[in-house]
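Have a go at each task before you read its solution.

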There are 2 protein chains.
Amino acid sequence: MKMNDYIELINDKLDQFIKIEYPENIFKSMKYTVLLPGKRLRPIMCLETCRMFGGEVEKAIPTACAIEMLHAQTLIHDDLPCMDNDDFRRGKPTNHKVFGEAIAVLAGDALLTYAPQIITKHSTDLTSDTIIRILNEYFEYAGARGVIAGQVVDIESENNEYAQEEREKILEYLHTHKTSDLFQLAMRTGAIIAGVNENQLTAITNFAKTFGLAFQIADDILDEISTFEQMGKTLGKDKTSGKLTYVSLYELEEAKCKLSCMLDDCYAIMKQQNIQSEIFEDIIEKIKQRVGI
Amino acid sequence: MKMNDYIELINDKLDQFIKIEYPENIFKSMKYTVLLPGKRLRPIMCLETCRMFGGEVEKAIPTACAIEMLHAQTLIHDDLPCMDNDDFRRGKPTNHKVFGEAIAVLAGDALLTYAPQIITKHSTDLTSDTIIRILNEYFEYAGARGVIAGQVVDIESENNEYAQEEREKILEYLHTHKTSDLFQLAMRTGAIIAGVNENQLTAITNFAKTFGLAFQIADDILDEISTFEQMGKTLGKDKTSGKLTYVSLYELEEAKCKLSCMLDDCYAIMKQQNIQSEIFEDIIEKIKQRVGI
């Protein structure tokens, strides 16, 4: 499947999976952020990992969509006034700007249980044991030891005065969790559904972790060099709020160099595992292009 | 088991189930609200329902604790400034007053996945099929068609001018979801773990729904007639914020009368199902006492 086929498939399924029921406002609010135009990177990586290891893409669709819903949940709550206080996301007003703060909090809450419910309800061709394994991955990466840990350390790192060495450690920790965790969840679950062995699972976890860090470095660089029109969100906020980013820590050129190395590492893992994926090559090359490396 | 034995057991397990890991603040914040002194009604009802139908209480402990964590989650987010804006809960400062709004939002988010993870991790003596059945109950009652639907309608009912008949319908809807749903979840999962048949499950669901509505009417009455010292939270806020409550809709005496009828209905269901439970009798009689009926 090509990138656009994946995106179309995922958008269709996301639309089908969230029906507008009573009370309408909460379902509309959930659907609003889930269906904002996006690259659908996480669900694509879940489906493509499944395909790459010889699994049936169809079987991974509920899990892939659940991960996109979880991603939307993190965006809704991260954008709240008490968190990053962002007014725009993907070029549109953020959820709380459209539905109000109370509904935005509740829509995020709702997605956190709606997402795994999609997995249990629609994964009719997975065994109960596999479903529980997938759910445990979801709970771990979505929770207080996963993506939330990243967000907590991100908040706590604002305007804090750390020594350089400590800053490097904290930055890697927060980006591993804030960004890599959802990529790890996506690729691990895709691989589990395909029935990989432990070695393959470890390799793909390393790929996802490295890719996630690279993706975050690219995001930090773009936050520095792009415009609102290119990114669809308010930029330069990390700097003014004193947040720890790769660019604030390493300067622009060194960050680009780090990014380039990490993307090379991704290629190396694919080669070593004898994995072929035009989709992953495409994703990596697009990141290089945007950042100009 | 007596009421106090249940409370002690639940408090011990809740304390064990939430270990303080890095980043500490998020785990401390989760634990703070989960361990606030409380009646532990929902987990007790889960365990007691399991016992009443001949099940092993031990098997229901992870589910019972998960439901108490979910309950704590709803309290943390309901108390936020953008929701009910409450400063006190169970006589102590609310979560966001201690940890700040951002951490309070994230602690609620974390509990929403931590709770079902407790079920999958610790229910080692349940089959995978039973665990998935329990999780589906959890997702449905915790989500946008469950407790969150109640909260949404509650927010939307504030200061709205409805006709009397419509107000009655809305009030029943919002309390069914905001309050009864967690009691239904507790009793249904306890019953499922005990291995009940469909008839018994329907009966216990009706009990839980009726009990939940009665519990909410009692809460509305106590909001009107109690003091801060008795309740541990700021009172009379429902009235000043123009919220729909049983007392605003029916006056005090009629609300008391409705409450009394509902508690009688609960006794009737127990008798009809030939169920014996000193614990449930105790809970019902305590509600009568507090409200003075």
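**Exercise 1.** Find what the side chains of A:Arg145 and B:Glu21 do.

*Solution.* Start with the pair itself: the two side chains form a salt bridge, at 2.8 Å from N to O. The term takes a side-chain nitrogen of Lys or Arg within 4 Å of a carboxyl oxygen of Asp or Glu. Next, count across the interface of chain B and chain A: the rule gives two salt bridges.

Some ground rules: this is a predicted model, where local features need pLDDT of at least 70 and side-chain atom pairs count only at pLDDT 80 or more, while totals for chains, interfaces and linings use all residues. Residues are numbered from 1 along each chain as its sequence is written, chains are lettered from A in the order in which they are written, and side-chain values use heavy atoms, without hydrogens and water.

**Exercise 2.** Work out how much area is buried between chain B and chain A.

*Solution.* Buried area is the accessible area (1.4 Å probe) that two parts lose on being put together, summed over both. Here that comes to about 4000 Å², with carbon and sulfur atoms giving 69%. Now look at chain B: B:Thr113, B:Phe139 and B:Arg145 lose the most area to chain A, together 16% of what that side buries.

**Exercise 3.** Work out which rotation superposes chain B on chain A.

*Solution.* Superpose by least squares on C-alpha atoms of residues with pLDDT of at least 70 in both copies. You get 180° with 0.0 Å of shift along the axis (RMSD 0.0 Å). The copies are therefore related as by a two-fold rotation axis. In chain B, the C-alpha of B:Ser128 is nearest that axis, 2.9 Å away.
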